[in-house]
Amino acid sequence: MERIVSRGERIRYKCIRSGTCCGSGPNVALTAFDICRIARFLNTEWRSLVGRYIYAVIADQIPIPVLRGINNRCVFLQTSNSLPTCSIYPARPRRCRLFPFIPISPSIKDKMYVSRICPGIGVGEEMEPPWSELEKFSEEVTIHYRLLYDYIFNKGYEPISALEAVIDQVCLQQ
């Protein structure tokens, strides 16, 4: 079971650049906001990311865009000076920005899980978890899934078409 940290608590954590987070079997769900940020960073249209960097899993009519993995490593994980490096670090997904802290639910903004797999937990100075990043994540994931729900269940779009419409809408507004 993962440990839970509450707002006001401090935890010893320092990123030691082990690459464990990016090399432990990518399963990072993305939002339309993440996809638009990545596309902008790579100076490309978001559709060019499909297949190469992202794909969608459909679970009970809900399309979930996911980062692609290669050999259980994130497709954006590279090695630089013998250290693992994210090639899209400034545009990395909100879930990645939060790690090793893991959201419990978009509506819970005062508690997060702390990953057991991160070797940086218990290292370094005590710090406050990234609560403002959790708030941004919660806002984006809520908007993303509300829009998807509307397109699928109210407007009658099929799941992938709904996802494409949501991404188009978000990218136009950013």
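## The disulfide

The torsion about the S-S bond of C36 and C171 comes out at about -100°, so this disulfide is left-handed. C36 sits in helix α1 (residues 32-41) and C171 in helix α4 (residues 159-173), so the bond ties together parts that are 135 residues apart in sequence. Helices here are DSSP runs of H or I with at least four residues, numbered from the N terminus.

The S to S distance for C36 and C171 is 1.9 Å. A pair of cysteine sulfur atoms counts as a disulfide when they lie within 2.5 Å, and by that rule the count is one. As a quick reminder, a disulfide is a covalent bond between the sulfur atoms of two cysteines.

## Where this comes from

You're looking at a predicted model, where local features need pLDDT of at least 70 and side-chain atom pairs count only at pLDDT 80 or more, while totals for chains, interfaces and linings use all residues. Residues are numbered from 1 along each chain as its sequence is written, and side-chain values use heavy atoms, with hydrogens and water left out.

C36 is buried, at 2% relative accessibility, whereas C171 is partly exposed at 24%. Buried means under 20% relative accessible area, exposed means over 50%, and partly exposed is in between (1.4 Å probe, protein chains only).

What about C74? Its closest cysteine sulfur, in C22, is 5.8 Å away, too far for a bond. C74 is buried, with 13% relative accessibility.

C86 is in no disulfide either, and its nearest cysteine sulfur, that of C22, is 6.2 Å off. C86 is partly exposed, with a relative accessible area of 24%.

Definitions and conventions. Helices (H or I, at least four residues) and strands (E, at least two) are DSSP runs, numbered from the N terminus.
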